[in-house]
Amino acid sequence: MKVLIVAVLMIWIVRNADTESVFSAMRQANLPLVVLALAMQVLGAAIMAARWRLLLQVQNVSPSFGYLFTSTVSAFFFRQFLPSVVGGDAIRSVAAWRAGADPGFAALSLVADRLFGLLALLLFLIGASFFMMQIAADLPGLWGGLAAAGAIVGGGLLFLMAPGSIRLPARTPAKLDRIVRATRVFAGSHRIVPACLGLSILLQVNVVTFYWVIGHALGLEVPYAAYYVIVPIAIFVMMVPFSINAIGIREVIFIYLLGVWGVDSDLALAFAWAEFGIILCAGLLGGIVYMTHKMPARIDIERSGAETPANAT
């Protein structure tokens, strides 16, 4: 079904585009800025690894920064073949398990990791929308979507990080009760919240600037501040697992959002394809890193407070 969705969207996009104009715009892109955008993908992986390490340490899982960084870069390769733009988190979950995390905690660490990132994006979008009320009015459903996303992201983080236990009704099935309790591994870990949020803000500034650099390389006359509206909306849409690595969805959302700022559809399509080309290059780099860095054997860590290895490699 995902392949069918990708095919239908791409056929519709290409049939309605002047592909010669699209490829001409891409050929004329500023190459040093394109290389800079690729480097910013690597920088983003470093920031993600630092935030992920803080979350794993909650359960005394302490792999080295280098191990988590190479795992994050390797995930760039795997996301090319998996649903949405966060499909590569599957390989990161395996990496956390090999570093000593139990499977449930490995997955939850990535849920928390992504929620912090989405919270920072939401803060950017809310702030930018208030300063661009006239533009925001041209985006139907923006405020309703913000409210829904805020409730999901904020509620999810509150559930994971807030101290105290969740009280379920007395008649709750024992299995459901165990599942809920198992998801509370971060309960009371409020000390890491400022650091995680700070790293998330830094990461999302890097992400927004990454897209601005691509636009600047193509000569788009879209102000930097506008990307604080465009990028969060685009990322939220591309995270929906309707296609492989958001192919097709990426093009549609950027044609729509950049069109609000007066960018014609062919140039917006060139922007989407340039971004996808850089993502593919990052994926190639991730594949090379994955092949050249041997995954360690599974490490079993005692949870009783004993010293843990400082390096999972």
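User: How many helices and how many strands are there in the protein chain?
Analyst: This is a predicted model, where local features need pLDDT of at least 70, side-chain atom pairs count only at pLDDT 80 or more, and totals for chains, interfaces and linings use all residues. Residues are numbered from 1 along each chain as its sequence is written, and side-chain values use heavy atoms, with hydrogens and water left out. Helices (H or I, at least four residues) and strands (E, at least two) are DSSP runs, numbered from the N terminus. The protein chain has 13 helices and 0 strands.

User: What share of the residues in the protein chain is buried?
Analyst: Buried means under 20% relative accessible area (1.4 Å probe, protein chains only). The protein chain counts 313 residues. The buried share is 48%.

User: Are helices H6 and H10 oblique or roughly parallel to each other?
Analyst: H6 spans residues 103–131 and H10 spans residues 193–217. Their axes (lines fitted to C-alpha atoms over the stretch in contact) come within 8 Å and cross at roughly 60 degrees, on a scale from 0 to 180 degrees between N-to-C directions. Angles under 35 degrees count as roughly parallel, over 145 as roughly antiparallel, 65 to 115 as roughly perpendicular and the rest as oblique. H6 and H10 are therefore oblique.

User: Which residues in H10 do the H6 residues meet?
Analyst: Contact means heavy atoms within 4.5 Å. From H6 come Phe116, Gly117, Leu119, Ala120, Leu121 and Phe124. In H10 they meet Val193, Cys196, Leu197, Ser200, Ile201, Gln204, Val205 and Val208.

Technical notes
Buried < 20%, exposed > 50% of the residue type's maximum accessible area, 1.4 Å probe, protein only.
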